[in-house]
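Visitor: I would like a guided tour of a structure. Please keep it brisk.

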Amino acid sequence: MNEQLYQYVMNKYPEMQEQQWQAESTALGAEDVFSEPTYQEQFQGQMFDTVLYYPTDDQSDIELYPFEVFKGEALIALGYMNKNNQHIIYVQTETS
């Protein structure tokens, strides 16, 4: 997991400090990656490689799913989802 993303999540959710994470990768379009219309429009028509992390301990009361978004080698966004909300903590403002 990206170091900045990990630190952000652990600072916000310290109870997740001991959690082990599993990763799942897939390619998705902007409309599937971003829930906010502003980002959907900004990246319209683009495909991204995404990495979703989820806790291996399903006994946790916290629903927390950090994610990374890449276009090739370039990091495009970092964020996390909890329940039905998506939180973007970093997004690249321009892509080529």
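Visitor: Is Tyr80 buried or exposed?
Guide: This is a predicted model, where local features need pLDDT of at least 70, side-chain atom pairs count only at pLDDT 80 or more, and totals for chains, interfaces and linings use all residues. Residues are numbered from 1 along each chain as its sequence is written, and side-chain values use heavy atoms, with hydrogens and water left out. Burial means under 20% relative accessible area, exposure over 50%, and partly exposed lies in between (1.4 Å probe, protein chains only). Tyr80 has 2% relative accessibility, so Tyr80 counts as buried.

Visitor: Which kind of pair do the rings of Tyr13 and Tyr80 form?
Guide: Rings of Phe, Tyr and Trp (its six-membered ring) pair if their centres lie within 6.5 Å; planes under 30 degrees apart are stacked, over 60 edge-to-face, the rest tilted. Here the centres are 5.9 Å apart and the planes stand at 80°. The pair of Tyr13 and Tyr80 is therefore edge-to-face.

Visitor: Where in the chain do Tyr13 and Tyr80 lie, and how many residues apart?
Guide: Helices (H or I, at least four residues) and strands (E, at least two) are DSSP runs, numbered from the N terminus. Tyr13 is in the loop between H1 and strand E1 (21-29), while Tyr80 is in strand E4. The pair links distant parts of the chain, 67 residues apart.

Visitor: Is Tyr13 buried or exposed?
Guide: Apply the burial cut-off again. Tyr13 has 13% relative accessibility, so Tyr13 counts as buried.

Visitor: How many aromatic pairs are there by this rule?
Guide: Another pair joins Tyr8 and Tyr80, at 6.1 Å centre to centre with 40° between the planes, and is tilted. Tyr8 lies in helix H1 (residues 3-12) and Tyr80 in strand E4 (residues 74-82), so this pair ties together parts 72 residues apart in sequence. Ring pairs also link Phe34, Tyr39, Phe43 and Phe48 into a cluster. By the ring rule, the count of aromatic pairs is 6.

Visitor: Which residue has its charged end over the ring of Phe48?
Guide: The test needs NZ of Lys or CZ of Arg within 6 Å of the ring centre and within 35 degrees of the ring normal. At Phe48, the charged end sits 5.7 Å from the ring centre. The residue is Lys71.

Visitor: What is the radius of gyration of the protein chain?
Guide: The chain has 3 helices and 5 strands. The radius is taken over C-alpha atoms, and the globule rule is 2.2 Å times the number of residues to the power 0.38. For 96 residues the rule gives 12 Å, and the chain comes close to this, so it is as compact as a globular protein of that length. Its radius of gyration is 13 Å.
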